[in-house]
Amino acid sequence: MMKNMDKDTADLKLDDVEKTAIQVYRNYTKAFQRRRAELIDKETSQIDFDYDHFELELSQLENASIENSVLACIAIADELLKAMFLRDDRARLQIKSLLGPLGPIGDFNKRLKIASLAGFIDENDLVFFDELRKMRNRIAHSTQPRPPKPSELEKINSVSSEWLNALITEGEISDDFDHNSPDVFRSLMLVQLSKLAWGTLLRPYALKAQVPFEIIIEKQPTVLKRLSKLGVKRAINILSDK
């Protein structure tokens with residue numbers, strides 16, 4: 001039996017030759033995936049993404065009224081999704097027409113749902129931005145100021161409770177504030193936008209290369225580090241001032 005065999009492989013009711021064959025295949029697969037993750041890091045770092053503009057958008061969202069920050073967050077998220085679809089430039093797909101007003105991915109709701117269906121965003125992204133979309137619609141379709149309702153804040157913040165706990169831990173913030181406050185909501189929008197930004201850059205490449213996304217994350221690719229920092233730093237500053 002080969003040395004350093006994974007415990008679950010070693011525990012299989014097979015002979016040593018069969019276990020060794022399984023372990024060799026597993027080791028090869030892991031090595032291949034890590035190599036592909038390195039290439040994906042290199043490829044995505046060369047994408048023409050305007051980091052300065054994205055940082056400016058986050059800054060404007062951070063300083064806007066809570067109603068306007070909701071509108072801005074959905075607008076930014078929509079641009080990120082459109083840019084993701086447009087990066088697939090295969091002529092036969094005619095992406096621009098698909099993104100048009102009458103196209104199957106012609107608005108934010110459709111783009112969000114199709115992106116989720118295709119695996120380009122995760123369940124957390126889908127639920128957070130879908131709830132935020134509903135809030136946006138209520139705010140936008142009124143001639144009077146309509147700040148988020150406490151029930152809306154509670155619902156949407158609960159979707160990102162793990163992010164909030166991580167921010168509190170990372171920023172060494174005293175956890176003695178209202179988790180459903182507008183400032184917490186604003187900080188979570190910043191983090192979720194940063195996550196959506198690096199996710200829409202990395203996930204399509206991971207899917208195409210058939211590499212588990214966890215392997216990509218372990219590699220700590222350049223775009224993840226750059227974009228995460230933009231949202232997380234601002235979010236921690238907001239929470240630290242509470």
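H4 contributes six residues to the lining of the second largest pocket, the most of any element. The structure is a predicted model, in which local features need pLDDT of at least 70, side-chain atom pairs count only at pLDDT 80 or more, and totals for chains, interfaces and linings use all residues. Residues are numbered from 1 along each chain as its sequence is written, and side-chain values use heavy atoms, with hydrogens and water left out. Helices (H or I, at least four residues) and strands (E, at least two) are DSSP runs, numbered from the N terminus.

The second largest pocket has a volume of about 240 Å³. A pocket is defined on a 1 Å grid over the protein atoms alone, as an open set of points where a 1.4 Å probe fits, with protein on both sides within 12 Å along at least five of seven lines; lining residues have an atom within 4 Å of a point. Grid points are joined across faces, edges and corners, and a volume is the space filled by probe spheres set on the points. Of the 16 residues lining the second largest pocket, Phe49, His53, Glu79, Leu80 and Ala83 lie nearest its centre. At least two lining residues each come from helix H3 (51-63), H4 and H10. By class, the lining of this pocket comprises eight nonpolar, two polar and six charged residues. Here Ala, Val, Leu, Ile, Met, Phe, Trp, Tyr, Cys and Pro count as nonpolar, Asp, Glu, Lys and Arg as charged, and the others, Gly among them, as polar.

The largest pocket has a volume of about 560 Å³. Two or more residues of its lining are given by each of H4, helix H5 (95-98), helix H6 (108-118) and H10. H10 supplies the largest share, six residues. The lining consists of 21 residues, and those nearest the centre are Met84, Arg87, Asp88, Phe120 and Pro204. In this lining, 15 residues are nonpolar, one is polar and five are charged.

Asp78 is located in helix H4 (residues 66-86). With a relative accessibility of 13%, Asp78 counts as buried (under 20% relative accessible area, with exposed over 50% and partly exposed in between; 1.4 Å probe, protein chains only). Apart from neighbours within four places in sequence, Asp78 is in contact (heavy atoms within 4.5 Å) with Phe108 and Arg111.

Five aromatic pairs are present in the structure. Rings of Phe, Tyr and Trp (its six-membered ring) pair if their centres lie within 6.5 Å; planes under 30 degrees apart count as stacked, over 60 as edge-to-face and the rest as tilted. Phe49 and Tyr51 form an edge-to-face pair, with 5.0 Å centre to centre and 65° between the planes. Phe49 also pairs edge-to-face with Phe54, at 5.8 Å centre to centre and 65° between the planes. Phe49 and Tyr51 are both buried, as is Phe54. Phe49, Tyr51 and Phe54 form one aromatic cluster.

In helix H9 (residues 161-170), the residues Leu164, Leu167 and Ile168 are buried. Viewed down the axis of H9, these buried residues fall within an arc of 100°, so they line one face of the helix; the arc is that of the directions from the helix axis to the C-beta atoms. Exposed residues Glu162, Thr169 and Glu170 are carried on the face turned away from the buried side of H9. The cover over the buried residues of H9 includes helix H10 (182-209) and helix H12 (222-240). Glu172, which follows H9, has a positive phi, near 50°.
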